[in-house]
Amino acid sequence: MSGYAEGILVIMALNIITAYATYLPLSAGQLNLGVAGFMAIGAYSAAFLGNELAWPVAATVAAGAGVAGIVGAVIGYPVLRARGIYLVLATLAFGELVRTGILNLDVVGAAAGYPVKGYVSYWVICLAAVCVVVFVTWLTYTPFGLAMVAVRQDEIAAEQFGVTIRNTKTIAFALGAMLAGLAGALYAHHFSYIEAQRFSVVASVYVAMYVLLGGVQTVAGPLVGAVFFTLLPEVFRVGDTWRFVIFAVVLILTMLWRPEGLIDRDLVEAAKHRLARILRRSRARPT
């Protein structure tokens, strides 16, 4: 595999992981624009443990995800008291707080960046992305996954049926933070060098765009959104300097054509019915 193809594959796999990091809290009605901040926590935690304490790569990646998840749980409980735009601003402020804090932290290189020991190959990152997709798919069919959907659709009705709103939101937020930390740790060990500037609010906005344009009604939406909008700029690379203009036009047309996202519940149901008809016809066909 060429270096270019490998690089695109790695970026796409990381985008899939971070898309589901955004999707989980969004499933409970929370838009988290601090995903890049949790990625930074995971990346720098993994790098520090590998560099300073000589931990093996597997342990540093797990620890990076764990630290980000714990921070997500700690800040999630008070922050999630905010609602709507105030919650979005709070998570955005958290992400910027993490980034600017790292920029002034000499122990991890501050603004100069931080080299990372230990290497993770592209196939490991792709395998991690597959595992994340399987995990989130399984989670959506558990009682907790159904509770997240209920909270997003109607908090009052969900509470009447015994769902603890605050705990459900906090756990969803912490799980999303953990996945973001996992993506950050894998990013650090693959590219072997990290800079705080990489984890800006722009990165969080792009990830949210993948999820919202892919669709939040089904678990397949973030996957399709991350893959489609990672590969699309590369397809338009032939347009040279105009490729970002073309990309923006495609985004606007997508929002107009599919306001619920590329993959919504109606599309999934229609696909299921079509597949069922095809199976029935194949069984009824005489041998």
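This is a predicted model: local features need pLDDT of at least 70, side-chain atom pairs count only at pLDDT 80 or more; totals for chains, interfaces and linings use all residues.
## How α1 and α5 pack

Two packed helices are described by the angle between their axes and the distance between the axes. Helix α1 spans residues 3–27, and helix α5 spans residues 122–140. They pack at an angle of about 25 degrees. Their axes lie 9 Å apart. Angles under 35 degrees count as roughly parallel, and α1 and α5 are therefore roughly parallel to each other. The crossing of α1 past α5 is left-handed.

## The residues in contact

From α1, the contact uses E6, L9, V10, A13, L14, I16, I17, Y20, Y23 and L24. From α5 come Y122, I125, C126, A128, A129, V132, V133, V136, L139 and T140. By class, the contact of α1 with α5 has 18 nonpolar residues, 1 polar and 1 charged.

## Aromatic pairs

The model has 9 aromatic pairs. One of them joins Y20 and Y23. Their ring centres are 5.9 Å apart, with 85 degrees between the planes. This pair is edge-to-face. Both residues lie in helix α1, 3 residues apart, about one turn of the helix. Y20 is buried, and Y23 is buried too.

F135 and W138 form a pair in which the ring centres are 6.1 Å apart and the planes stand at 35 degrees, so the pair is tilted. Both lie in helix α5, again 3 residues apart, about one turn of the helix. F135 has 29% relative accessibility and counts as partly exposed. W138, at 53%, counts as exposed.

## A ring cluster

Ring pairs also link Y44, Y114, Y187, F191 and F199 into a cluster.

Note on methods. Residues are numbered from 1 along each chain as its sequence is written. Side-chain values use heavy atoms; hydrogens and water are left out. Axes are lines fitted to C-alpha atoms, for helices over the stretch in contact, and angles run from 0 to 180 degrees between N-to-C directions. Helices (H or I, at least four residues) and strands (E, at least two) are DSSP runs, numbered from the N terminus. Angles under 35 degrees count as roughly parallel, over 145 as roughly antiparallel, 65 to 115 as roughly perpendicular and the rest as oblique. A crossing is left-handed if the near helix is turned anticlockwise from the far one by less than a right angle, and right-handed if clockwise. Contact means heavy atoms within 4.5 Å. Ala, Val, Leu, Ile, Met, Phe, Trp, Tyr, Cys and Pro count as nonpolar, Asp, Glu, Lys and Arg as charged, and the others, Gly among them, as polar. Rings of Phe, Tyr and Trp (its six-membered ring) pair if their centres lie within 6.5 Å; planes under 30 degrees apart count as stacked, over 60 as edge-to-face and the rest as tilted. Buried means under 20% relative accessible area, exposed over 50%, partly exposed in between (1.4 Å probe, protein chains only).
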